[in-house]
Amino acid sequence: MKLLVAIVQDEDADDLLTALTARHFRVTRVASTGGLLQTGSTALFLGVDDADVSPATTIVRTVCRRRTEMVVPFTPALEPGLLYGTENFEVEVGGATLITLHVDRFERL
């Protein structure tokens, strides 16, 4: 038995949840916040049999594609309360961080 933890961007979470539950995976969703861009992310927890690790991973890979977005950084201006943007820059977002943990015991109550 394995515990899969998929950390995905909020934008991908609903589609991933739909795809996983359509294949009868039971999923627990936990909201979180990403570090660098301080954007919303979601952690999905799946308890799966060893044979289901590959199908679940394939679904995550299919739904959570990497893409680029333009970001406008804000830097405080000289006067308090004012903000001004510097140049926009492109960042890669999306995709998923997938962690697979071995589980000795799994009990559904």
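In the protein chain, 65% of the contacts (heavy atoms within 4.5 Å) between residues at least 6 apart in sequence join residues at least 24 apart. The model is predicted: local features need pLDDT of at least 70, side-chain atom pairs count only at pLDDT 80 or more, and totals for chains, interfaces and linings use all residues. Residues are numbered from 1 along each chain as its sequence is written, and side-chain values use heavy atoms, with hydrogens and water left out.

**View 1. The protein chain comprises 2 helices and 8 strands.** Helices (H or I, at least four residues) and strands (E, at least two) are DSSP runs, numbered from the N terminus. Along the sequence these elements follow the pattern β-α-β-β-α-β-β-β-β-β. Of the 109 residues, 25% count as buried, where buried means under 20% relative accessible area, exposed over 50%, and partly exposed in between (1.4 Å probe, protein chains only). The chain exposes about 7,500 Å², of which carbon and sulfur atoms supply 53%; accessible areas come from the Shrake-Rupley method with a 1.4 Å probe, and for residues only the protein chains shown count as cover.

**View 2. Helix 1 spans residues 10-22.** From first C-alpha to last, the 13 residues of helix 1 reach 19 Å, close to the 18 Å expected at 1.5 Å a residue; the expected span is 1.5 Å times one less than the number of residues. Asp12, Ala13, Leu16 and Leu20 of helix 1 are buried. An α-helix has 3.6 residues a turn, so residues three or four places apart point the same way. Just after helix 1, His24 adopts a positive phi of about 70°.

**View 3. Helix 1 packs against helix 2 (residues 53-63) at an angle of about 145°.** The two axes lie 10 Å apart; axes are lines fitted to C-alpha atoms, for helices over the stretch in contact, and angles run from 0 to 180 degrees between N-to-C directions. Asp12, Asp15, Leu16, Ala19 and Leu20 of helix 1 meet Ala56, Ile59, Val60 and Val63 of helix 2. The residues of this contact divide into 7 nonpolar, no polar and 2 charged. Here Ala, Val, Leu, Ile, Met, Phe, Trp, Tyr, Cys and Pro count as nonpolar, Asp, Glu, Lys and Arg as charged, and the others, Gly among them, as polar.

**View 4. Asp50 occupies the loop between strand 3 (40-48) and helix 2.** Asp50 is partly exposed, with a relative accessible area of 44%. Not counting residues up to four places away in sequence, Asp50 touches Met1 and Lys2. Asp50 and Leu3 are 47 residues apart in sequence and 9.5 Å apart in space, C-alpha to C-alpha.
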